[in-house]
Amino acid sequence: MVLALDHDLDAFFTYLDKKIGLDNVMIALTADHGVAPIPAESAKLGVASTRIDLEVLSSEINKALNARFSTGKEIAYLMPTQELPNLALDPRAFGTISEKDAEQAVVEAIPAAIRKLGAPALSPNNLATPEATRHYEEARVDADPTIAFIRSRVDLAAGKLPNTEFGRRIAHSYTDHGGWYIMVIPTAYQMEFLSGIQTTHFSPWSYDRHVPLGLFGAEFIPGTYREQVAPVDIAPTFASILGINAPSASTGRVLTEAIRTTAH
């Protein structure tokens with residue numbers, strides 16, 4: 001995939017160079033999220049990582065909801081395919097139950113469902129197995145899953161978030177699209193496992209938030225910059241160079257440290 005992307009970018013930039021010349025082009029390269037080390041690799045470094053089986057988690061939550069709303073039945077209250085950090089509910093399954101009550105019921109069911117995913121007990125350590133010979137990947141890859149943050153969509157929409165930097169990140173990640181859902185954020189280095197896939201697409205942890213930001217063009221000063229930046233800085237920076245107003249909803253800053261101040 002990376003090789004194919006390189007070929008596509010090469011073709012695109014070659015086209016721009018022929019049409020208008022790369023001296024007249026500004027380029028920004030970044031990513032939508034960072035890269036999370038999979039639990040097996042984290043465990044080798046001694047990190048208490050784990051895999052959260054979303055199929056089992058969904059099954060346990062559905063059992064709890066059936067016990068609460070439809071005793072003796074096997075209604076699927078959650079959508080069949082899930083991807084954290086949001087657990088998607090099926091509004092049709094809840095009938096006349098309101099979104100607020102439905103989401104609150106899922107919030108209340110999650111702690112017990114997570115405990116069902118607890119790691120199997122480790123074999124006892126003894127003098128016949130010196131501690132130095134035990135492998136982290138054997139001892140820690142299946143640590144007990146823990147959840148760092150849970151919030152219903154209704155509460156997210158109402159701004160019921162902690163007044164902290166963590167809460168600000170969550171607020172910036174909220175969207176009113178996507179139907180009924182519960183935001184579920186596992187503890188760092190713990191991530192979903194579904195159909196053999198174990199990775200994340202979003203989390204507030206540093207390894208997922210850290211993305212590259214590369215600016216290319218005659219307007220920029222070559223170098224590596226250590227200041228904190230973010231993808232939201234691209235729009236106001238480009239707007240400043242072009243001499244136009246930044247987009248009305250822009251929240252980034254102009255990266256003045258990377259912009260040439262003299263004619264070139």
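I looked up the sheet and found three strands in an open arrangement, ordered β3-β5-β4 with antiparallel pairing. Two strands count as paired if DSSP finds at least two bridges between them; helices (H or I, at least four residues) and strands (E, at least two) are DSSP runs, numbered from the N terminus. I noted that this is a predicted model, where local features need pLDDT of at least 70, side-chain atom pairs count only at pLDDT 80 or more, and totals for chains, interfaces and linings use all residues. Residues are numbered from 1 along each chain as its sequence is written, and side-chain values use heavy atoms, without hydrogens and water.

Arg151 stands opposite Met183 in β5.

Then I turned to the helix on the sheet. I saw that α4 lies across β3, β4 and β5, at about 30 degrees to β5. Axes are lines fitted to C-alpha atoms, for helices over the stretch in contact (heavy atoms within 4.5 Å), and angles run from 0 to 180 degrees between N-to-C directions.

Last, I followed one residue. Leaving aside neighbours within four places in sequence, I found Ile110 in contact with Ile61, Leu87, Ile150, Ile182 and Val184.
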